[in-house]
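Have the model open as you read.

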Amino acid sequence: MPRRDKADRVVGELVREHGHTYAEEAGIPLKDAPQPLYRLLLMALLLSARIRTSIALETVRALQEAGLRDPRRMAGADWQERVDALGRGGYRRYDERTATQLGDGAELLTERWGGDLRRLRKEADGDIPTLRELLQEIPGIGPAGADIFLREVQRVWPEVAPYVDAKALSGAERLGLPKDPEKLVGLAGDTEPTVLSAALVRAALDKKVAEGVLEHAA
């Protein structure tokens with residue numbers, strides 16, 4: 001692990017260059033309201049597949065443009081309509097399976113939580129493992145998708161913070177930073193855990209990101 005002053009420089013450079021959330025990149029103005037939370041869930045589902053991040057985020061925008069921005073509209077759309085919207089975003093490798101998952105997930109959300117993820121949050125009653133488990137009951141949301149959602153939603157659900165998952169910690173390891181969430185948050189100072197986690201994930205996913213940060217922080 002680098003000395004504290006080097007670690008400070010590494011985190012500072014990382015946040016300066018890569019400190020924006022995936023929700024921001026996808027054009028989601030995140031707030032604690034049903035529609036933005038649902039769009040965040042869609043983003044988590046799409047990002048969790050083995051597909052390029054840029055394609056997943058473009059597909060989030062394509063679903064929005066197609067009007068599939070809440071569970072009621074998603075469930076009301078026919079399967080081909082969902083497939084077509086996914087295709088316009090470039091999400092073709094998994095489009096048929098994902099179209100089915102989107103429909104099934106929208107129906108579950110509507111029937112069980114009234115289409116409002118805040119009710120799922122209330123059911124978890126502040127317990128993060130329970131919240132993570134509930135998210136995984138939604139078709140298409142596995143452990144990776146739940147982690148993506150929780151990393152981003154901690155901006156508006158403060159009880160989740162600090163949420164620095166295994167993927168973010170692998171980014172910390174690549175940068176020579178401590179693999180301890182509390183220490184990482186301490187190094188980040190006033191930087192939101194959401195922003196820190198997103199930046200660390202970018203370092204985990206792209207070796208060039210980590211190399212650039214280390215070079216400029218040297």
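Helices here are DSSP runs of H or I with at least four residues, numbered from the N terminus. This is a predicted model, where local features need pLDDT of at least 70 and side-chain atom pairs count only at pLDDT 80 or more, while totals for chains, interfaces and linings use all residues. Residues are numbered from 1 along each chain as its sequence is written, and side-chain values use heavy atoms, with hydrogens and water left out.

**The largest pocket**
- A pocket is an open set of points on a 1 Å grid over the protein atoms alone, where a 1.4 Å probe fits, with protein on both sides within 12 Å along at least five of seven lines; lining residues have an atom within 4 Å of a point.
- The largest pocket holds about 480 Å³ of space, the volume being what probe spheres set on the points fill.
- Its lining counts 20 residues, and Leu-47, Thr-53, Lys-167, Val-201 and Leu-205 sit nearest the centre.
- At least two lining residues come from each of H2 (22–25), H4 (53–65), H10 (143–153), H11 (166–174) and H13 (193–205), with H10 giving the most, four.

**The largest nonpolar core**
- Such a core joins buried (under 20% relative accessible area, 1.4 Å probe, protein chains only) Ala, Val, Leu, Ile, Met, Phe, Trp, Tyr and Cys residues through side-chain atoms within 4.5 Å.
- It has 79 residues, and Met-43, Phe-149, Leu-177 and Leu-200 touch the most other members.
- Helix H3 (residues 34–47) gives the most to this core, ten residues.

**Glu-13**
- Glu-13 belongs to helix H1 (residues 4–18) and is buried, at 8% relative accessible area.
- Beyond four places in sequence, Glu-13 contacts (heavy atoms within 4.5 Å) Val-213, His-216 and Ala-217.

Notes:
Buried < 20%, exposed > 50% of the residue type's maximum accessible area, 1.4 Å probe, protein only.
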